[in-house]
Amino acid sequence: MFKSLNVTARVFERQIVQPRPSASVNSVRQFYENFVPSCTIYDIDCPDNSFRKITDDGKYLISFSRNHQELIVYRPTWLSFSYKGEDCDSDALSQRAKRFDSFFIHLYTVSLATSNEFICKEFFLYLEGLEFGIFATSTALSHEAPATEGAVNGVQCIERIVFHLVRLEDGFVLDEKVFCNDFVNLNHSMGVFLHEDLLCIMSLRYQAIHIVQITDSGNLVDVRIVGTFCHEDDELFIGSHIQVTEGQIFLSGIKQRLLSYIFRKHWSEETDQTLRIQHLKKKFYFHFQDYIDLIMWKVQFLDRHHLLIKFGSVDGVVSRTTEQHPSFFAVYNIEKAEIISFFQNSTEELYYLYEQFCDHFTASSRSSLHANFISSHSNNIYAFDQLCVIKNRASNFLQFVKKMVSSLPYTCQSQSPSPYFDLSLFRYDEKLISATDRHRYSTEHPIKFISRRQPHILKFKIKPGSEASGSDARPKRISSFLFHPYLPLAISIQQTFMQPTVVNIHFRR
């Protein structure tokens, strides 16, 4: 166990030598303590789009049409306007300044989806160096999936899923990758992970990890598929050496390697032959069918050669409440095609790896300089203190461990690098707003950002919804926030059932 733990730790330690922001660089961010959004334009007149994200380099605002057929891209700009005569002394903004196009310039609109397909509005990944965007379109979800050879029973099916590689500079579609009668979890990009120029796509229905390389010329090149086979020549070798009769079923390559690792781990834990047999019966053979029934839920790159794979039951995928089901984590070496570590989700060793190396679970999806400043309990003392408070308050440590590691594998590009989420600079209610890209329930009161160094000084407030909104009997309102990575500029979007969407722009005058 400790040997595998050391191997896993070395995977993370290799990333530690990569340049990280130093204390002197972090001190530059103190500038943002006094460079904050100070003005709000409520219910701004803007296109009726579904706004997705401002890219981590701040160059593009990504949005989709309401019918989920078109990609609409804007260039964030800075508000500029002029006054005439006596208006120069006025604090009021001109009507020209209160328009959406004063902050965002429309670049283009391009159709991505066909008539029976829709853009997945929660899916978007960005390659900053090449300024490529990855989008997904799909047909409607089918709850009655046809029985197909190699497919997992009980997993839902989508007739057609298309990943589009788009050059964001001009909206040109460079390449596409199509999955038919498959299921990939596109919500918040959970089924796809981007590391440098490598993309891994988790096919839940066929239990295959598709590794794709994105070339500088804009091509999606298949590198390897990890699942039924692990080495490139596995299928050829089995076909030429093994006589397969009709109805005969083989375990997949990844499952065989998992069982082999678990067996060898338990074998090495006992040296006495008699005790070893009893130990294997208790730890391996008794749970053998449970291991056989495991399926891959989610995957991420740790580096270019290692994957972190989450395993669980089919019920966990179907119910979408994975935290309530037992799960396991495996570190997989792609080149050697072998499992090098295996943990249950209640294992303390896994939690301490996550606590110590949290940045290195998330850093593999980052290419932006600004993204290196995202606060975590591995790089920020205030975030670590919050974690310690939660840990000390936990009545059941194992349940605490399960809750903490439930976020693994990490969801790619799911956090904003905005300096206003830096816990070294500001305090705010993380139930109402945070760097994580998720919808939040709105309150009637503004969200306050308090100075960290001056605990009683309010630096600025963000209020989603209309300016005059008050307590009423309307349904609960949901808010989302899009922050620019380095400018004092943010968009708040409030949605209420059967009510128009309210879009506010928060900026510094």
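1. A polar contact is a pair of N or O atoms within 3.5 Å; within protein, one atom must be able to donate a hydrogen and the other to accept it, and residues adjacent in sequence count only if both atoms are side-chain atoms. Helices (H or I, at least four residues) and strands (E, at least two) are DSSP runs, numbered from the N terminus. With these terms in hand, the N-terminal end of helix H10 (397-405) is capped by Asn-396, which has a side-chain oxygen 3.0 Å from the backbone nitrogen of Leu-398.

2. The model is predicted: local features need pLDDT of at least 70 and side-chain atom pairs count only at pLDDT 80 or more, while totals for chains, interfaces and linings use all residues. Residues are numbered from 1 along each chain as its sequence is written, and side-chain values use heavy atoms, with hydrogens and water left out.

3. The protein has 10 helices and 26 strands. Of its 509 residues, 51% count as buried; the term buried means under 20% relative accessible area, exposed means over 50%, and partly exposed lies in between (1.4 Å probe, protein chains only). Contact means heavy atoms within 4.5 Å. Among contacts between residues at least 6 apart in sequence, 59% join residues at least 24 apart.

4. Helix H9 (residues 381-393) has 13 residues, which at 1.5 Å a residue should span 18 Å; the end C-alpha atoms of H9 are 18 Å apart, in agreement. The expected span is 1.5 Å times one less than the number of residues. The N-terminal end of H9 is capped by Asn-380, through a side-chain oxygen that lies 2.9 Å from the backbone nitrogen of Tyr-382.

5. Which residues of H9 are buried? They are Ala-383, Leu-387, Cys-388 and Lys-391. Seen down the axis of H9, the buried residues fall within an arc of 140°, so they line one face of the helix; the arc is that of the directions from the helix axis to the C-beta atoms. An α-helix has 3.6 residues a turn, so residues three or four places apart point the same way. Ile-381, Asn-392 and Arg-393 are exposed on the other side of H9. The cover over the buried residues of H9 includes helix H8 (348-362) and H10.

6. In H10, the buried residues are Phe-400, Val-401, Met-404 and Val-405. Down the axis of H10 they fall within an arc of 120°, so they line one face of the helix. What covers them includes strand S18 (327-333), H8 and H9.

7. Pockets and cavities were found on a 1 Å grid over the protein atoms alone: a cavity is a set of points where a 1.4 Å probe fits but cannot get out, a pocket is an open set with protein on both sides within 12 Å along at least five of seven lines, and lining residues have an atom within 4 Å of a point. Grid points are joined across faces, edges and corners, and a volume is the space filled by probe spheres set on the points. The largest pocket has a volume of about 1,800 Å³. Its lining comprises 48 residues, of which Tyr-354, Lys-403, Met-404, Ser-407 and Thr-436 lie nearest the centre. Two or more lining residues each come from strand S16 (295-303), helix H7 (314-319), H8, H9 and H10.

8. The count of cavities of 30 Å³ or more comes to 7. The largest cavity holds about 230 Å³ of space. It is lined by 21 residues, and Ser-416, Ala-435, Asp-437, Phe-481 and Leu-482 lie nearest its centre. Strand S2 (49-54) and strand S24 (477-483) are the elements that give two or more residues to this lining; S24 gives the most, with 4 residues.

9. Ser-414 is found in the loop between H10 and strand S20 (426-427). Is Ser-414 buried or exposed? At 9% relative accessibility, Ser-414 counts as buried. Not counting residues up to four places away in sequence, Ser-414 touches Ala-435, Thr-436 and Asp-437. The side chain of Ser-414 reaches the backbone oxygen of Thr-411 at 3.0 Å.

10. Glu-117, in the loop between strand S5 (104-111) and strand S6 (118-119), counts as buried at 2% relative accessibility. The side chains of Glu-117 and Thr-137 make a polar contact (3.2 Å). Leaving aside neighbours within four places in sequence, the residues in contact with Glu-117 include His-68, Gln-69, Arg-160 and Val-162.
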